[in-house]
2 protein chains.
Amino acid sequence: MAKVAVMGCGTVGAGVIRVFDMNSGAIARRVGEKVEVKRALDLREFPGTPIEKILTHDFQDILNDPEISVVVETMGGLKPAFQFTKQLLEAGKCVCTSNKELVAEHGVELLETARAHGVSYLFEASCGGGIPIIRTLNESLTAEEISEVTGILNGTTNYILTTMADEGKDFETALKEAQEMGYAELHPEADVEGWDACRKIAILSSLAYGGHLSYKDVDTEGITKIDAADILYAAALECRIRLLATSRREGNGIWALVAPMMIGHENPLTTVDGVMNAVMVKGNAVGTTMYYGSGAGSLPTASAVCGDVIECVKNNGRPVSSDYSSGPISLLPVDEVERPFFVRYRGTETEAIRKYGEISHITVLKKYPEEFGFLTPVMAEKTFKAIAAEDDKVIKWIRRGKKEEAE
Amino acid sequence: MAKVAVMGCGTVGAGVIRVFDMNSGAIARRVGEKVEVKRALDLREFPGTPIEKILTHDFQDILNDPEISVVVETMGGLKPAFQFTKQLLEAGKCVCTSNKELVAEHGVELLETARAHGVSYLFEASCGGGIPIIRTLNESLTAEEISEVTGILNGTTNYILTTMADEGKDFETALKEAQEMGYAELHPEADVEGWDACRKIAILSSLAYGGHLSYKDVDTEGITKIDAADILYAAALECRIRLLATSRREGNGIWALVAPMMIGHENPLTTVDGVMNAVMVKGNAVGTTMYYGSGAGSLPTASAVCGDVIECVKNNGRPVSSDYSSGPISLLPVDEVERPFFVRYRGTETEAIRKYGEISHITVLKKYPEEFGFLTPVMAEKTFKAIAAEDDKVIKWIRRGKKEEAE
């Protein structure tokens, strides 16, 4: 019998306790022994729930229990999660987490601590909820030179963008609805400003390219400025606007970006709707692969955490290695990246052509007769930005997928 | 330095040698040491190629080489692959294979041999080419009670069906074209009769449900009877015809089937075109997940084999466990499964309604004025078949996705 503890009994933590209970038979069959949640740490009380019987308010009860070999950290945030995790690893316990802030901020240090103490620090649930993308990068695509990771990594913003497109709502209304449905938090900045997706692409890129990409270095733009008109133009261009988190090898360097982009049928991510997430990984041998599933939610995320716990138990004290080294990845400037840009314009076609060259997909919407939309030719972002900054006819612009995906 | 050998230098085997060469840097970084292909076994000669220098015609050169710890089996077929694999495992060497015939036929025995000798028998490349679906079932979705595995697992048939739909070709023409493009073999029976997909769903189901599903027990129907008219009807119903390989938990039992089915937008597999493969896995905690990539081809399949080799090397003699037990899975009869059926009919609507009840999606194609198509209500397959067998107005029928996916 393997004994584990759960720290933080919120949405994901409570889900972990539930999954170990409801799937105990299947788990015991796969592990070869029963896995029991012996302790749960939380400041709150949980009267009348299964948590009550195993609850403690004292971290020491977990740290000092020699029977507990694996600890789940689903507290979120940096404090006290970082300190707790570090102490547990130093005490020779494996830690499995869904805490992307902590992994993005201190992952390198915690992985080193784990290595030094012969234990594992696993974080499958930190990216893509129930999608097994971390293990895929870490243990499956190991023969690849990975050239790109692009994902829809935030369910809240994808739900908002899907609702805007399907029901013609504006951003504020869609956000309010998402909050009422429980898909967006009361303070939604981390989601709608792209910070959450930014941390996740930093983690995935670190694994994909074998170094440490700091999330602070990733150019990040949220979806708060996307309005109903943008969505209508996208539809007219047979596109969808999606918050993409992407990183890509270009020559000897890597660039990374989180931003709303217009993508079309050529991109399999276009069909990912609502709170679902998906990650596309390209390698030089395997080509394009994609992984799709629930990006959030109690049980899907808990399933990923439990999978990590099971790996620790099956490995029986032998650490799981990770291609996440401390060597920093320095990014190429996104300004050099070439792609077409979608522009909403209040000038004339002639002016637009004079400034941007061979524009295409010229679109006039009945609802907005005083402007039109178009796609620029493929050009470097800095070139485009330099022209657009001086052009007072530009109402707004949005990046159009990637160079080779453009028509 | 880890030393490996490759047995069988055809499309996949040669790809394995190439991937270890072209991605040696990334692989060494992830493994912590260089991985070298020391020996290649084949009956043929390979003058002027990289294989020439490491070639042997004698299996004993691999079996008796104490330096070689992992052997790739990409020979295909049962003889002599089975005997060679067994001897290698007994000699304490890990074996990694793309040979689905061998895994489906003797997987249980070979896994037991591997266990008994403390080594691994891995077969990521046997299903879905470069898609890391085996490891996902084996190591990621381990906290799940899996309820369904459904895939497009054969690239040849998917290419043929896609070509028929996109270019209005009939089966024979599309097959011939696929043969000319190298996507179909000269003797295409294993693909077009569904046998290849059948072996793959048997392997995936065995891992998903934790027993041994014999491929011989899976009802299997190929695509040879699909004609241009069927494809036109599917399009009129906003559907695609896909060769689905599926297995599903129903109550305490499991049923499995390989057959062409009509699926619509509600099913993410609808968008999988050409030679691409995809597998959908549903679990009671994670919900629906999907995995997409190249289902065949030299480098994608080789990438999966190399990933297995790397796992063996990283595990350094410690066997990788697999939830593929010898306990047989006995299947429920597919006849009990309920779904709608698409029927091409040369009778009247009144007759059809009298026999099948509330039919829907009644469709008349200009090109085939003497018949019409419709969907039956949801009914058990045996009920439908009993009526259809006595009904000489039925030209043909095709299964329509699954019960809960129907409108």
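How many bridges join strand 12 of chain A to strand 12 of chain B, and do they run parallel or antiparallel? Select residues 287–294 in chain A together with strand 12 of chain B: 3 bridges join the two strands, which run antiparallel. To find one of the pairings, pick A:Met290, whose bridge partner in strand 12 of chain B is B:Tyr292. Keep in mind as you go that this is a predicted model.

**The contact between the chains**

Now bring up the whole contact, with 44 residues from chain B and 45 residues from chain A. On the chain B side, the elements that give two or more residues are helix 2, helix 6 (133–140), strand 12 (287–294) and helix 12. Highlight helix 12 of chain B, which gives the most, 9 residues. Colour this side of chain B by class and you will see 18 nonpolar, 16 polar and 10 charged residues.

**Helix 2 of chain B**

Stay in chain B and select residues 24–31, which form helix 2; B:Ala26, B:Ile27, B:Arg30 and B:Val31 are buried there. These residues sit on the same side of the helix, because they cover an arc of only 120° around its axis. What covers them includes strand 1 (2–7), helix 1 (11–22), strand 2 (35–41) and helix 12 (298–315) of chain B.

**The parallel sheet of chain A**

Next, move to chain A and show its open sheet of 6 strands, ordered 3-2-1-4-5-6 with parallel pairing. Strand 3 (55–56) and strand 6 (121–122) stand at the edges with a single partner strand each, so one side of each has no neighbour in the sheet. Further in, zoom to strand 4 (residues 68–73) and strand 5 (residues 94–97) of chain A, joined by 4 bridges. Here A:Val71 has A:Val95 as its bridge partner.

Helix 1 (residues 11–22) of chain A lies across strand 1, strand 2 and strand 4, at about 155° to strand 2. Helix 4 (residues 81–90) of chain A lies across strand 1, strand 4, strand 5 and strand 6, at about 160° to strand 4.

**The domains of chain A**

Finally, colour chain A by domain: domain 1 (2–129 + 298–315), domain 2 (141–294) and domain 3 (335–405). The C-alpha centres of domain 1 and domain 2 of chain A lie 28 Å apart. Their contact takes 11 residues from domain 1 and 13 residues from domain 2. On the domain 1 side, select helix 5 (residues 100–116) of chain A, the source of the largest share, 6 residues.

Conventions: Residues are numbered from 1 along each chain as its sequence is written. Chains are lettered from A and ligands numbered from 1 in the order in which they are written. This is a predicted model: local features need pLDDT of at least 70, side-chain atom pairs count only at pLDDT 80 or more; totals for chains, interfaces and linings use all residues. A residue is buried if 20 or more other C-beta atoms lie within 10 Å of its own, exposed if 12 or fewer, and partly exposed in between; C-beta atoms are placed from the backbone. The arc is that of the directions from the helix axis to the C-beta atoms. Two residues are in contact if their C-beta atoms, placed from the backbone, lie within 7 Å. Ala, Val, Leu, Ile, Met, Phe, Trp, Tyr, Cys and Pro count as nonpolar, Asp, Glu, Lys and Arg as charged, and the others, Gly among them, as polar. Two strands pair if DSSP finds at least two bridges between them. Domain bounds come from an automatic or database domain assignment. Axes are lines fitted to C-alpha atoms, for helices over the stretch in contact, and angles run from 0 to 180 degrees between N-to-C directions.
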